[in-house]
Amino acid sequence: MKKNKNLKVAIVMGSQSDFKTMKLSANILKKMGVRFETKIISAHRTPKRMYEFAESASRNNIGVIIAGAGGSAHLPGMISAITSIPVLGVPVESKKLKGLDSLLSIAQMPKGIPVGTLAIGEDGAINAALLATAIIANSNPTVKKKLNNWRSSQTRSVKKNPK
């Protein structure tokens, strides 16, 4: 991968209510020193906005897209159908089916349209940011160092013996 310290992550979500979950991705990216932007883009209510975002993402120096959506959760897959940039899908927990509907929608993509699917809800949002950080770290030595330090810190935080 070409060295490019200017690549950023886009965090997109289907609605304002998804931000409660997706802000956890933003928090991790801030800690890792990864540049990012956030946007509300609905696959169903703002399809033109979604298309224009996905079509121009590469030109806008986006290296990874984290797409959070609940319910039918078509946003990650539709974006992946338009761009070759890696898309990480975060199933947002829904009221009716607790996010299982979102998980299945994001995970069951047809061959040729990949979406990296994370866990439902908060854990998925955090892990999506860590995975996006790892992808960006391939071309950004500064981010790679921060990620390695973070992982070492996690390792050190685990006690050897229970008290």
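Predicted model: local features only at pLDDT ≥ 70, side-chain atom pairs only at ≥ 80, totals over all residues.
View 1. Strand β4 covers residues 87-91, and five of its five residues are buried, so the strand is largely enclosed by the rest of the structure.

**View 2. Strand β4 beside β3.** Strand β3 takes in residues 62-69 and pairs with β4 in the parallel sense. Five bridges join the two strands. In one of them, Gly-68 has Val-90 of β4 as its bridge partner. Helix α3, residues 75-82, belongs with both strands: β3, α3 and β4 make a right-handed β-α-β unit.

**View 3. Strand β4 beside β5.** Strand β5 consists of residues 116-117. Its pairing with β4 is parallel, over two bridges. Here Gly-89 has Thr-117 of β5 as its bridge partner.

**View 4. A nonpolar patch on the surface.** Leu-97, Leu-100 and Leu-104 form this patch. Together they have about 290 Å² of accessible area. Leu-100 lies in helix α4, which spans residues 100-107. Its relative accessible area is 46%, so Leu-100 counts as partly exposed.

**View 5. Asn-138 in a loop between helices.** The loop runs between α5 (122-137) and α6 (141-156). Asn-138 has a relative accessible area of 42% and is therefore partly exposed. Lys-5 is 133 residues away from Asn-138 along the chain. The C-alpha atoms of Asn-138 and Lys-5 are separated by 10.0 Å.

Conventions: Residues numbered from 1 in each chain as written. Heavy atoms only, no water. Patch = residues over 30% accessible without salt bridge, like charges linked within 9 Å, V, L, I, M, F, W, Y side chains within 5 Å. Areas by Shrake-Rupley, 256 points an atom, 1.4 Å probe, with all protein chains shown as cover. Salt bridge = Lys/Arg side-chain N within 4 Å of Asp/Glu carboxyl O. Helix = DSSP H or I, 4+ residues; strand = E, 2+ residues; numbered from the N terminus. Buried < 20%, exposed > 50% of the residue type's maximum accessible area, 1.4 Å probe, protein only. Pairing = 2+ DSSP bridges. Right-handed = clockwise from strand over helix to strand, strands pointing away.
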